[in-house]
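Here are my notes on this model, point by point. Have the structure open while you read.

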Amino acid sequence: MSTPTSPSPSPSTSPASTTPATDAATRLAALLDGARVQYLSADPGIGIYGTKGASVHVQEVVRAMRTAGADVRILAAKIDGEAPADLADVPVHALASRPRVAAAEREAWLLAQDSEIAAALDPTGTDLTGTDLVYERYSLFSAAALERARAAGVATVLEVNAPLIDEHAAHRGLVHEAEAREVMRRAVTAADVVTCVSEPVARWVAAQVPGARTVVAPNGVNTDRIRPRPERSEGPVTLGFVGTLKPWHGVEILLEAAAPLVRDGVARLLLVGDGPQAAALGERAAALGIADGVERTGALDPRDVPAHLHRMDVGVAPYPAGADDYFSPLKVYEYLAAGLPVVASAVGQIPDVVRDGLTGVLVPPSDVEALRDALALLCEHAPTRERMGRAARADAVELHGWDRTVATSLGALPLGRPLGRPTAVTA
């Protein structure tokens with residue numbers, strides 16, 4: 001097969017798809033059935049079988065492609081765990097491990113590694129004749145694989161989940177920033193389509209590389225993996241949070257807002273996840289007099305998260321004011337899939353996902369009183385929780401499956417025909 005080799009057309013950012021679930025699955029199967037896909041994750045900080053949200057994202061995109069009939073091979077810079085049973089037969093090529101050296105030397109090594117990653121696409125030296133699609137999760141210093149695929153006439157997709165260059169420069173330090181921007185320009189130019197997790201990310205890509213062909217495909221949820229929670233008995237309402245314990249998730253705001261409810265025995269808190277704020281949050285809970293009403297699980301394998309969602313009555317995403325608005329939080333989709341009413345800050349893409357008053361309650365960010373009022377409302381009215389929970393689950397099934405996400409991304413490829421191979425017809 002061949003793809004256009006001319007420069008990418010003008011930006012074509014589109015809003016989130018609301019394609020019904022059955023249509024999305026059919027559309028994805030029509031695109032991918034029989035296709036041979038190479039999925040590339042060159043970011044050394046993301047273990048494809050690890051516990052991060054990014055790990056879940058990798059697995060679910062691969063899972064959606066396989067369910068649609070694609071034959072997928074993974075190339076990854078970090079494995080970090082064992083494959084789930086249903087992905088255990090996916091071939092994985094482990095890229096070279098990142099050396100433990102100073103930042104400047106480490107970045108230089110990653111830059112030099114780029115050509116090796118491109119070579120790993122085709123270990124048999126057959127010029128990618130056995131590949132229909134190369135799908136790459138964007139990382140700072142990888143572009144050669146997409147360039148090689150495009151030169152061979154293979155369809156190419158670049159998935160961008162965050163403004164990584166700006167993030168690294170601001171929070172971690174980026175010695176080779178100019179080189180990272182040049183690598184990004186090359187990767188975007190080599191991609192037939194750049195799929196972005198949110199509108200702000202799409203705007204960031206377009207600002208970095210004018211003319212980029214972008215499409216917005218928000219995150220999703222696996223509604224088979226995360227089922228509705230069972231009926232719960234009487235007792236304190238469990239207010240739940242899932243995610244890394246870092247400042248931009250606003251868990252300290254949740255502690256402040258929920259403290260009176262916990263002290264009165266109306267509610268308890270279940271925090272699923274770990275992170276650098278864990279100790280400070282424990283100290284704050286003790287200072288508020290609610291330490292006995294706050295349970296922390298630590299980091300969990302994604303396979304163990306659904307059971308903890310079933311222990312919750314309300315899912316909370318208390319993002320603070322000033323938090324980056326480019327994210328498409330997996331936790332919110334998972335709350336919906338578990339049939340939990342969601343209380344969340346009205347920031348970024350969240351108002352597009354949580355229907356205020358129907359599937360949850362939206363509150364201003366960093367507004368402790370508003371968050372407390374919303375939590376109290378749901379603690380006091382079990383019928384409201386149940387009604388919102390049912391609507392939340394219905395939205396997850398109909399609107400937020402991963403097949404919708406992947407179909408939106410691949411549907412933007414300028415091919416005009418499916419990626420898969422036609423079934424052979426016998427006389």
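**Notes on selected sites and helix contacts**

1. Let's start with Asp122, which sits in the loop between α3 (103-120) and β4 (133-137). Helices here are DSSP runs of H or I with at least four residues, strands are runs of E with at least two, and both are numbered from the N terminus. Keep in mind that this is a predicted model: local features need pLDDT of at least 70, side-chain atom pairs count only at pLDDT 80 or more, and totals for chains, interfaces and linings use all residues. Residues are numbered from 1 along each chain as its sequence is written, and side-chain values use heavy atoms, with hydrogens and water left out.

2. Is Asp122 buried or exposed? Its relative accessible area is 7%, so Asp122 is buried (buried is under 20% relative accessible area, exposed over 50%, partly exposed in between, with a 1.4 Å probe and protein chains only). Not counting residues up to four places away in sequence, Asp122 touches Asp127, Leu128 and Arg148 (contact means heavy atoms within 4.5 Å). The side chain of Asp122 reaches the backbone nitrogen of Asp127 at 2.5 Å.

3. Leu128 has a phi near 60°, a positive value in a residue other than glycine. Most residues other than glycine have a negative phi. Leu128 lies in the loop between α3 and β4, and with a relative accessible area of 3% it is buried.

4. Asp80 also has a positive phi, about 65°, although it is not a glycine. You'll find Asp80 in the loop between β2 (71-76) and β3 (92-94). Its relative accessible area is 45%, so Asp80 counts as partly exposed.

5. Now the helix packing. Two packed helices are described by the angle between their axes and the distance between the axes. The axes of α8 (residues 251-263) and α13 (residues 368-380) come within 9 Å and cross at roughly 50°. Axes are lines fitted to C-alpha atoms, for helices over the stretch in contact, and angles run from 0 to 180 degrees between N-to-C directions. α8 and α13 are therefore oblique to each other (under 35 degrees is roughly parallel, over 145 roughly antiparallel, 65 to 115 roughly perpendicular, and the rest oblique). From α8, the contact is made by Ile253, Leu254, Glu256, Ala257, Ala258, Pro260 and Leu261, and from α13 by Val368, Leu371, Arg372, Leu375, Ala376 and Cys379. By type, these residues divide into 11 nonpolar, no polar and 2 charged (Ala, Val, Leu, Ile, Met, Phe, Trp, Tyr, Cys and Pro count as nonpolar, Asp, Glu, Lys and Arg as charged, and the others, Gly among them, as polar).

6. α13 has another contact to check, with α14 (residues 382-399): the two pack at an angle of about 100°, with their axes 5 Å apart. α13 and α14 are therefore roughly perpendicular to each other. Leu378, Cys379 and Glu380 of α13 meet Ala382, Thr384, Arg385 and Met388 of α14. The residues of this contact divide into 4 nonpolar, 1 polar and 2 charged.

7. Next, Ser328, in the loop between β11 (314-317) and α11. Ser328 is buried, with a relative accessible area of 5%. What does Ser328 touch, not counting residues up to four places away in sequence? Val197, Pro218, Asn219 and Tyr333.

8. Val332 is placed in α11 (residues 330-337) and is buried, with a relative accessible area of 1%. Beyond four places in sequence, Val332 touches Ala317, Val342, Val353 and Val354.

9. Glu167 lies in α5 (residues 164-172) and is buried, at 16% relative accessible area. Leaving aside neighbours within four places in sequence, Glu167 is in contact with Ala162, Arg172 and Tyr326. In α7 (residues 199-208), the buried residues are Pro200, Val201, Ala202, Trp204 and Val205; they pack against β5 (155-160), α5, α6 (177-190), β6 (193-196) and β7 (214-216).

Conventions
Polar contact = N/O pair within 3.5 Å; in protein donor to acceptor, adjacent residues only side chain to side chain.
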